[in-house]
Amino acid sequence: MPSEPTDNSAQPQGDLYGVDVYNTQEVADELVYIDENVRPLDGEPKRVLITGSTAGAGQLAAAYLVKRGHTVVAHARNAQRAADVRRDLPGLEDVVIGDLRHLDETRALAERINALGVFDVIIHNAAEYGASGPEQLNANSLSPYLLTALVTPPQQLSYLSSNQQLGGGLRLDEIRSGGGISYPDSKLHMAIIAIAVARLRPESQANAVNPGWIPTWMALQDGPYSRDDLRAGYMTQVWLTEGVEPGSDITGEYLFHQEIETRVNDLVHDEDAQDQLLAAYVEQTGVTLS
Ligand SMILES: NC(=O)c1ccc[n+]([C@@H]2O[C@H](COP(=O)([O-])OP(=O)(O)OC[C@H]3O[C@@H](n4cnc5c(N)ncnc54)[C@H](OP(=O)(O)O)[C@@H]3O)[C@@H](O)[C@H]2O)c1
């Protein structure tokens, strides 16, 4: 098993849930709501991994699923953020560490995840916003691809996309050369990977999820903003994970608030575009998705 990067000196930052350090007040309030109100599921618990679960929508989904009685492994970029989420969500099974901006860390992360055994559900939630071009490519596009290809396939996968996929492009040359891509490009890539996985692994359930424009730390970077409902922004992932409500067995779709979204880039459901993107990933990483 690869060794876990450790920094035992890391102490949690700020107050519980890290308001003004890594979370907004809205996210912290929602974490309190979850802690006080969510009750265990009367059904079969799932084993779930959520990337980027130290803040925002990923942390909210993790908190909710823990309170429902599921087994949840969180993912943090470094030992400091792992210490933060261990303090914030004491019911986690474990926390795996790896900075998705660096593909060697992503490959090591995949080995660590596999060493923990098979998951029922993996939610590819982590994303950089406004990172430098190559880091945006690595964190938001190549890393979710690598994790999908290298980690033992779960029964269900969700990929966090965004309305901004509408303005994204394939950027095949940039992927092949390891150059820069934009955030909208990366959110298009997440959606394309999701629909391609549903096609290539018909035994699995895979969807893209747009959480909406929700008041997380990421959205704060744009300054004043209009808001969608924060709870609805993570409940689609929870609804899919639990798979007990009508319609939650859906696959191969781009979803917004538990419904199929119609405003989707034409490339998302285009099989040629999916194949071109996957071929560029293979050229860049040497890893094939099967
Ligand atoms: N907020 C919105 O309005 C909105 C709209 C559309 C789509 N989305 C999507 O929703 C998802 C969740 O975003 P959010 O709003 O919850 O953002 P957030 O509060 O900034 O949370 C992002 C999470 O991803 C982690 N992460 C980012 N880069 C990473 C890296 N290089 N390695 C490891 N972990 C990394 C962050 O870790 P740190 O805490 O250490 O930074 C954090 O846990 C993202 O995929 C985002 O693109 C958000």
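Start with helix α5 (residues 133-150) and helix α10 (residues 271-285): their axes come within 11 Å and cross at roughly 85 degrees. Axes here are lines fitted to C-alpha atoms, for helices over the stretch in contact, with angles running from 0 to 180 degrees between N-to-C directions. Since angles of 65 to 115 degrees count as roughly perpendicular, α5 and α10 are therefore roughly perpendicular to each other.

Where do they touch? L142, Y145 and L146 in α5 meet Y281, Q284 and T285 in α10, with contact meaning C-beta atoms, placed from the backbone, within 7 Å. The residues of this α5 and α10 contact split into four nonpolar, two polar and no charged. For those classes, Ala, Val, Leu, Ile, Met, Phe, Trp, Tyr, Cys and Pro are nonpolar, Asp, Glu, Lys and Arg are charged, and the others, Gly among them, are polar.

## What you're looking at

This is a predicted model, so local features need pLDDT of at least 70 and side-chain atom pairs count only at pLDDT 80 or more, while totals for chains, interfaces and linings use all residues. Residues are numbered from 1 along each chain as its sequence is written.

The protein chain has 10 helices and eight strands, which are DSSP runs numbered from the N terminus (helices H or I, at least four residues; strands E, at least two). Its radius of gyration is 17 Å, close to the 19 Å that the globule rule gives for 290 residues, so the chain is as compact as a globular protein of that length. That radius is taken over C-alpha atoms, and the rule is 2.2 Å times the number of residues to the power 0.38.

## Around the ligand

Of the 27 residues around the ligand, G52, G56, A127, T216 and M218 come nearest; being near takes a C-beta atom, placed from the backbone, within 6 Å. The elements giving two or more residues to this shell are α2 (56-67) and α8 (217-220). By class, the shell has 14 nonpolar, eight polar and five charged residues.

## A look at V268

Is V268 buried or exposed? With 25 C-beta neighbours inside 10 Å, V268 counts as buried (20 or more other C-beta atoms within 10 Å; 12 or fewer is exposed, in between is partly exposed). V268 sits in the loop between β8 (259-260) and α10.

Leaving out residues up to four places away in sequence, V268 touches A191, I192, I195 and Y254.

Key
Parallel < 35°, antiparallel > 145°, perpendicular 65-115°, else oblique. Contact = placed C-beta atoms within 7 Å.
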